Amino acid sequence: MASVSLDSVSKSYGTHSVIEDVDLRIRDGEFIVFVGPSGCGKSTLLRIVAGLVSPTKGAVSIGGDDVTDVPASKRGVAFVFQSYALYPHMSVARNIGFALETLGLARTAINDKVLAVARMLKVDHLLDRRPRELSGGQRQRVAIGRALVRQPEIFLFDEPLSNLDSDLRMEMRMEIAKLHDELKTTMIYVTHDQSEAMTLADRIVVLNHGRIEQVGTPQTLYHAPDNRFVASFIGSPRMNFLSVSMQDAASGKKIAGPGGLSIDAGFLGSDATAATIGVRPEALTIAADGTGRISGVLERVEDLGHEHFAYCRITEEVVWVIRVNIPPAKEMIGLRIGLKFADEAVFVFDAADRRIAQKRATASNVRAVEQ
C-alpha cells in the first residue's frame with residue numbers, strides 16, 4: 001500500500017514558518033495535486049514527503065509506516081523535478097537506467113526495463129541521444145522514464161510542465177494522466193496552475209501561507225469553496241467579488257451594493273451578515289439596455305476566438321469579467337450596461353471571508369459534492 005499520511009507537519013527556517021500544522025491523508029493510488037500561489041509551501045511539503053526536507057515537527061507515514069526519519073532513498077518514492085535534472089554526458093538510455101545500474105542489476109535486465117519504459121513514453125527512438133539533442137517535451141519524458149523504471153510506490157512531480165510551451169503542456173498533461181490510469185500508482189503533483197490541478201487531480205489540496213485552505217475534488221472546490229481564497233483561486237478567469245452590506249427592508253433582508261445591486265437575502269438566516277458576494281464570469285450575461293441586477297460601464301472586450309471576455313467597471317476599484325460566446329458591439333464600449341445572473345450563481349462570504357451561503361436550485365447536488 002502506498003498511502004501517505006501527514007500528521008501535524010510543520011517546517012520553519014529560523015523564525016520563518018513555511019508549513020504550519022498540516023494534516024493530510026492520501027489514499028493508495030490517488031492522484032493528489034498541491035496547488036497555490038508562489039511561496040505557499042507546496043514544493044516544501046512535497047520535499048517533506050520525499051524525504052529531501054525534514055519537518056521541524058510532525059510525522060510522515062507511507063503505507064502505514066512512520067518514515068519521518070527514513071532517508072529519501074529508502075522511501076520507495078520517485079521525484080520528477082521541474083528542471084529535468086538529466087545527466088548531460090549520458091545518453092537517454094543511461095539517464096533512464098542509471099538508478100538500476102547503482103542497484104547492481106544485470107545489464108540485460110536494465111536494457112529490458114529501459115526499453116519497456118521508453119516505449120511506454122514514446123522515446124524509444126531517442127535512446128542513443130544526449131539531453132542537449134532533445135526538445136523540452138522529450139527531456140520531460142526522459143525524466144519521467146527515469147522515475148518510472150524504478151517502479152516506485154509513489155510518484156512526486158514538482159511543477160514538471162512549467163518549462164514547456166502551452167501545446168507541450170497540454171500534451172504532457174494528457175500523458176501524465178494516461179500514465180496514472182495505466183499504473184494506478186499514488187501520484188502527488190505540485191503546480192501553481194489551477195487548470196492543471198482541475199484536469200489531473202482526483203483531489204486538490206489548496207495551500208496558502210503554509211496552511212491547507214481546503215481539500216476536495218475539483219467539482220467540490222469549484223462549486224462549494226470553503227472561503228473566498230479558494231473561490232478566487234479555482235476558476236479562470238477568477239471569480240468576481242463585490243463588497244456589500246445588509247439592509248432590513250419591509251419585505252425582508254436584502255444584500256445591497258454598488259451598481260444598484262439588490263438581492264433577497266432571506267436564505268442567509270436571521271443572524272447572517274454578508275460582507276462580500278462572488279459571481280463567476282460564466283454565470284453573467286450582458287443586458288445591452290442597461291437592465292439587470294447590477295450595472296456598470298463596459299470598458300474592454302477581448303477576443304479569444306472561441307470565446308470573449310468583457311470587462312465591466314462596477315466601481316472605481318472593482319471591474320467584473322464576463323465570459324460570453326457572442327461579444328458585445330464595439331459601439332457599446334464606454335456605455336453603461338446591465339449584468340444579469342441567477343440567485344443560484346451568487347456566492348456569499350462573511351467578514352472573515354468564509355462562505356456562509358449559496359442559494360442554489362440544485363442544493364441537493366451541492367450537498368453531495370460537499371460530502
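Start with helix H3 (residues 107-120), which gives the second largest pocket the largest share of its lining, 4 residues. Helices here are DSSP runs of H or I with at least four residues, strands are E runs of at least two, and both are numbered from the N terminus. Before going on, note that this is a predicted model: local features need pLDDT of at least 70 and side-chain atom pairs count only at pLDDT 80 or more, while totals for chains, interfaces and linings use all residues. Numbering runs from 1 along each chain as its sequence is written, and side-chain values use heavy atoms, with hydrogens and water left out.

**The second largest pocket**

Now select Lys113, Ala116, Val117, Met120, Leu148, Val149, Gln151, Pro152, Leu183 and Thr185, the lining of this pocket. The space inside is about 160 Å³. A pocket, on a 1 Å grid over the protein atoms alone, is an open set of points with protein on both sides within 12 Å along at least five of seven lines; a cavity is a set where a 1.4 Å probe fits but cannot get out, and lining residues have an atom within 4 Å of a point. Points are joined across faces, edges and corners, and a volume is the space filled by probe spheres set on them. Colour by class and you get 7 nonpolar, 2 polar and 1 charged residues. For that colouring, Ala, Val, Leu, Ile, Met, Phe, Trp, Tyr, Cys and Pro are nonpolar, Asp, Glu, Lys and Arg are charged, and the others, Gly among them, are polar.

**The largest pocket**

Next, go to the largest pocket, with a volume of about 520 Å³. Its lining has 18 residues, and Val77, Ala78, Phe79, Ala99 and Arg150 are the closest to its centre. Show strand S6 (77-80), helix H2 (92-102) and helix H4 (136-148) too: each supplies at least two lining residues.

For the largest, about 50 Å³, select Met120, Leu121, Glu175, Lys178, Leu179 and Glu182. Helix H5 (residues 166-183) brings 4 of those lining residues, the largest share. Their classes are 3 nonpolar, no polar and 3 charged.

The second largest cavity has a volume of about 40 Å³, and its lining is Leu121, Arg141, Ile144, Met172, Glu175, Ile176 and Leu179. H5 again gives the most here, with 4 residues.

Move on to strand S13 (residues 252-257) and S14, an antiparallel pair with 4 bridges; strands count as paired if DSSP finds at least two bridges between them. Click Gly257 to find its bridge partner in S14, Leu261.

**An open sheet**

Last stop: the open sheet of 5 strands, in the order S16-S20-S17-S18-S19 with antiparallel pairing. Strand S16 (285-287) and strand S19 (319-324) are at the edges with a single partner strand each, so one side of each has no neighbour in the sheet. Within the sheet, S17 (residues 294-303) and S20 (residues 336-340) pair over 4 bridges, and Gly296 has Ile337 in S20 as its bridge partner.
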